[in-house]
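Let's walk through this one together, in questions and answers. Have a look at the model first, then read on.

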Amino acid sequence: MQYALGPVLWYWPTEKLDDFYQQAVRSSADIIYLGETVCSKRRATPYARWMELARAVAASGKQVVLSTLALLQSPSELKELQRYVDNGEFLIEANDIGTVNMAAERHLPFVAGPTLNVYNADALQLLLKEGMTRWCMPVEMSRDWLLQLLAQCEARGIRQQFDVEVLGYGHLPLALSARCFTARSENRAKDDCETCCIRYPTGRRVNSQEGQQVFVLNGIQTMSGYCYNLGNDLTGMRNHVDCVRLSPQDSSTLAEIDRFRANEDGEAPIMVAKGSDCNGYWRKLAGMTLVS
């Protein structure tokens, strides 16, 4: 089983990203995703710098994937997207169907990201024809659903044509909106947001009236309040999942990769905590549930 470090979903300054990826190069991750997937206004790290980071990571022998925006809203964003698709060096992660079309027109392979919301064999077969090489399943899918879908792919003779990736760690990206919730929380209009999300390196917490942390605001993205953690569910992925993705929370996520590796056979259980961790979706339960 391989382990991937997903794209940084938070808005971090370039200096912090540089430091993080210098550490990531020394980590045990097999695959590293880079790029902005949430908001095009986050321009602290431009395209040229992302490419420099990608080359530095690739020089260490790790596979590099350039992640792309999940919500495209303007012609300027499409133009920027084209630069990533046409980069000529690295595989891309398509998080929007428009990116899939752009890659297919150029006969380029791609990773199908979780925000494509693919739930059935028909859709997977279509993406295969367009050039998909790896599929990261939607975050709310259960293990049972995944196994049923893969059985359908096996029956069609397409299961061996793509790898399966599962997001196994991190606050879950649940939804995207044209509105910016972080800006609104500061009583700012989106057009005058001053990219205030850079002041919240792990998002803004949202509690229920009962004090339960139900969501995390990350610009235009709404994330789960609890941290998804499938570190103790890895044995159930054997023979079905090719890659487990860990979404960076901070530099401590790099050490989490080693803990996941050590527990692949269930021999080194990972400490999880009620009220901060969850694995409900994988277990076909309410998302915030934790089954230890």
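**Cysteines, salt bridges and a helix face**

The sulfur of Cys39 has its closest cysteine sulfur in Cys197, 6.4 Å away, which is too far for a bond. This is a predicted model, in which local features need pLDDT of at least 70 and side-chain atom pairs count only at pLDDT 80 or more, while totals for chains, interfaces and linings use all residues. Residues are numbered from 1 along each chain as its sequence is written, and side-chain values use heavy atoms, leaving out hydrogens and water.

Q: How many disulfides does a search of the whole structure find?
A: A disulfide here is a pair of cysteine sulfur atoms within 2.5 Å. For Cys278, the closest cysteine sulfur is in Cys227 at 7.3 Å, too far for a bond. The search of the whole structure gives a count of zero.

Q: Is Cys278 buried or exposed?
A: Buried means under 20% relative accessible area, exposed over 50%, and partly exposed in between, with a 1.4 Å probe and protein chains only. Cys278 has 2% relative accessibility. That makes Cys278 buried.

Q: Which parts of the chain does the pair Arg159 and Asp242 tie together?
A: The side chains of Arg159 and Asp242 meet in a salt bridge at 3.3 Å, N to O (a side-chain nitrogen of Lys or Arg within 4 Å of a carboxyl oxygen of Asp or Glu). The pair joins parts 83 residues apart in sequence, because Arg159 lies in the loop between helix H6 (143-156) and S7, and Asp242 in the loop between S10 and S11. Helices (H or I, at least four residues) and strands (E, at least two) are DSSP runs, numbered from the N terminus. The parts are thus the H6-S7 loop and the S10-S11 loop.

Q: Where do Glu80 and Arg83 both lie?
A: Their side chains meet in a salt bridge of 3.5 Å, N to O. The two are three residues apart, about one turn of the helix. Both belong to helix H3, residues 75-85.

Q: Why do the buried residues of H8 line one face of the helix?
A: In H8 (residues 252-262), the buried residues are Thr253, Leu254, Glu256, Ile257 and Phe260. They line one face because, seen down the axis of H8, they fall within an arc of 150°; the arc is that of the directions from the helix axis to the C-beta atoms.

Q: Which residue in S9 stands opposite Val206?
A: Strands S8 (residues 204-207) and S9 (residues 213-218) pair in the antiparallel sense over four bridges, where pairing takes at least two DSSP bridges. Opposite Val206 stands Phe215.
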